[in-house]
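Subject: Handing over a structure, with notes

Hello,

Here is the structure I promised to pass on to you. Please have a look at it first, and then read my notes below.

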Amino acid sequence: MECGPCALVDAVFGSQQYTERPQARCLLASLRPGMLLLADRGYDGFEALRDAAATGADLLWRVQAGRPDGTSHASTVRLVTTLLDPQRYPAAPYHER
């Protein structure tokens with residue numbers, strides 16, 4: 001987990017026998033209100049979103065649209081966020097990013 005281009009907030013190291021999800025869960029303790037957690041579509045389960053939001057940090061996660069359980073072949077993605085005030089957090093079209 002990093003803050004900005006070069007400030008390390010936290011890290012977790014583990015054996016290769018452990019997948020990324022349980023290791024990422026260890027990092028939730030470092031999240032605070034005022035932080036923004038970006039996550040890719042590999043972390044889009046309800047429990048992961050719920051637990052991350054409970055830290056008070058804001059979330060902006062890319063999730064697969066309509067993914068059947070157990071597969072990861074969908075090409076359409078959606079953004080899920082806790083930043084719900086469009087006046088304070090206006091969304092920019094993708095081509096303006």
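A word to start with: a residue is called buried when its relative accessible area is under 20%, exposed when that area is over 50%, and partly exposed in between, using a 1.4 Å probe and protein chains only. By that rule, buried residues account for 18% of the 97 residues in the protein chain.

Please keep in mind that this is a predicted model, in which local features need pLDDT of at least 70 and side-chain atom pairs count only at pLDDT 80 or more, while totals for chains, interfaces and linings use all residues. Residues are numbered from 1 along each chain as its sequence is written, and side-chain values use heavy atoms, with hydrogens and water left out.

How confident is the prediction?

The score to look at is pLDDT, the predictor's confidence in each residue, from 0 to 100. The protein chain has a mean pLDDT of 78, and 75% of its residues reach 70 or more. Confidence is lowest in strand E1 (residues 2-3), with a mean of 55, and highest in H2, with 90. Where pLDDT is low, the predicted coordinates should not be read in detail.

The overall layout

You will find 2 helices and 5 strands in the protein chain. These names come from DSSP runs, numbered from the N terminus: helices are H or I runs of at least four residues, and strands are E runs of at least two. Along the sequence, the pattern reads β-β-α-β-α-β-β.

As for contacts (heavy atoms within 4.5 Å), 23% of those between residues at least 6 apart in sequence join residues at least 24 apart. The protein chain exposes about 7500 Å², and carbon and sulfur atoms supply 56% of that; accessible areas come from the Shrake-Rupley method with a 1.4 Å probe, and for residues only the protein chains shown count as cover.

How the strands pair

E3 has a covered face with Leu37 and Ala39, and an uncovered one with Leu36 and Leu38.

The nonpolar core

Which residues make up the largest nonpolar core? There are 10 in all: Leu28, Leu31, Leu37, Ala39, Leu49, Ala52, Ala57, Leu59, Trp61 and Val63. Strand E3 (36-39), helix H2 (46-53) and strand E4 (58-64) are the elements that give two or more residues to this core, and E4 provides the largest share, 3 residues. By nonpolar core I mean a set of buried Ala, Val, Leu, Ile, Met, Phe, Trp, Tyr and Cys residues joined through side-chain atoms within 4.5 Å. In soluble globular proteins, nonpolar side chains tend to be buried together.

Salt bridges

A salt bridge here is a side-chain nitrogen of Lys or Arg within 4 Å of a carboxyl oxygen of Asp or Glu. A search of the whole structure finds 3 of them.

Arg25 bridges to Asp51, with the closest N and O atoms 2.5 Å apart. Arg25 lies in helix H1 (residues 20-26) and Asp51 in helix H2, so this pair ties together parts that are 26 residues apart in sequence. Arg50 forms a salt bridge with Asp51 too, at 2.9 Å between the closest N and O atoms. Through shared partners, Arg25, Arg50 and Asp51 are joined into one network. Arg25 is partly exposed, at a relative accessible area of 41%, and so is Arg50, at 42%.

Arg62 forms a salt bridge with Asp40, and the closest N and O atoms are 2.8 Å apart. Because Arg62 lies in strand E4 and Asp40 in the loop between E3 and H2, the pair ties together parts that are 22 residues apart in sequence. Arg62 counts as partly exposed at 31%, as does Asp40 at 40%.

Happy exploring, and best wishes
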